[in-house]
Amino acid sequence: MVGQLLGVGGFGDVFQVSCKDKDGQTVDYALKVEKQKENRHSKLKMEIAILKACNDCNHFTKIVDRGKRDELGGYFFIIMELVGKTIGDMAKKHPNGVFSFVTALGVGSQCLEGIESLHKHEYIHRDIKPANFAIGLPPKQHIVYVLDFGIARKFTNFKNEVKTPRQRVAFKGTLRFCALACHQGVELGRKDDCESILYLILSVLVVGGLPWDVENRHDVWRIKEECRREKRSELFRGIRRAKELHLFMDYIDSLAYQDQVDYDFLYKILALSCTEVGADINDPYEWESMEDVKKRKKKTNCKKKEGKKISKKGKI
Ligand SMILES: Nc1ncnc2c1ncn2[C@@H]1O[C@H](COP(=O)(O)OP(=O)(O)OP(=O)(O)O)[C@@H](O)[C@H]1O
């Protein structure tokens with residue numbers, strides 16, 4: 001049974017659907033449909049390929065069914081695990097539109113885990129923003145899910161080598177959250193997804209948001225550049241502990257298109273930042289009740305942050 005409309009995307013709509021499982025229990029899922037169009041690649045096909053590839057990671061929704069129907073002019077569909085509100089919607093419900101320090105960093109660290117997994121499967125996301133990550137439904141309210149792979153791109157060639165960068169790349173993504181490379185019109189790599197994760201964290205952490213709250217693309221680019229220099233403190237204004245987030249930015253800015261990202265270093269500095277304010281990055285999020293916390297299993301399918309070796313860059 002098709003239920004409420006959950007979201008309208010650029011290419012398809014997402015509905016809540018419910019059906020009975022083999023025990024007669026009603027189970028809810030999300031149905032995403034995309035109209036088939038001539039002369040256009042299906043975004044949904046890409047999403048399906050990615051969700052299948054990342055099936056081993058708990059930051060991705062599980063596929064229940066998928067296919068193509070010829071009715072109504074033809075459409076592709078996917079039925080997947082239903083998740084809760086997006087990070088952007090959650091932040092809006094909080095005072096000043098921001099999370100606590102530990103929730104913001106904890107969520108950011110999970111977004112990075114999802115993106116690391118995507119990179120491991122040789123895709124970059126290219127549209128990282130709070131609207132493209134969601135939290136799970138109870139009892140999975142401590143899990144962050146990556147959504148929307150509509151403009152994801154394979155960054156390796158058939159020999160599994162990083163593709164030669166194109167000379168010129170058209171702007172794709174979301175102005176507020178895109179990396180500097182996107183403004184420069186150059187090929188995006190793994191480090192650029194990580195740059196967007198830093199912007200995502202700051203957008204749900206700093207009261208008043210990112211300093212480039214303007215419409216004009218060139219102004220946004222200019223302010224992002226200035227935030228590397230004279231306006232740097234403005235980007236991190238008012239937060240409890242900024243030292244490690246500065247390191248995050250310095251590290252990402254030191255990387256080039258083809259470079260591997262030292263994700264462990266980034267998890268480590270996010271965790272350290274929380275320790276420095278007397279908390280733990282795995283602490284319950286603001287929306288979790290004690291009951292949820294009790295139920296929550298600490299183990300995830302993805303690599304755990306804790307107990308990882310200090311990487312070569314992990315000298316803080
Ligand atoms: N598995 C899901 N469970 C619950 N809600 C979902 C799920 N997937 C997507 N949504 C909701 O639907 C909205 C649109 O989904 P999504 O961003 O994947 O679509 P899109 O067509 O690719 O969008 P865009 O135009 O932003 O690229 C999301 O913001 C989210 O609110």
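Visitor: Which residues does E81 touch, not counting residues up to four places away in sequence?

Guide: E81 touches Y29, A30, F60, T61, K62, V64, K140 and Y145, where contact means heavy atoms within 4.5 Å. This is a predicted model, in which local features need pLDDT of at least 70, side-chain atom pairs count only at pLDDT 80 or more, and totals for chains, interfaces and linings use all residues. Residues are numbered from 1 along each chain as its sequence is written, and side-chain values use heavy atoms, with hydrogens and water left out.

Visitor: Why is E81 called buried?

Guide: Buried means under 20% relative accessible area, exposed over 50%, and partly exposed in between (1.4 Å probe, protein chains only). E81 has a relative accessible area of 16%, so E81 is buried.

Visitor: What makes a polar contact between the side chains of E81 and Y145?

Guide: A polar contact is a pair of N or O atoms within 3.5 Å; within protein, one must be able to donate a hydrogen and the other to accept it, and residues adjacent in sequence count only if both atoms are side-chain atoms. The E81 and Y145 side chains are joined at 3.2 Å, and the side chain of E81 also makes a polar contact of 3.2 Å with that of K140.

Visitor: How many disulfides does a search of the whole structure find?

Guide: The search finds zero, a disulfide being a pair of cysteine sulfur atoms within 2.5 Å. For C111, the nearest cysteine sulfur is that of C194, 11 Å away, and C111 is in no disulfide.

Visitor: Why does C111 count as buried?

Guide: Its relative accessibility is 1%, so C111 counts as buried.
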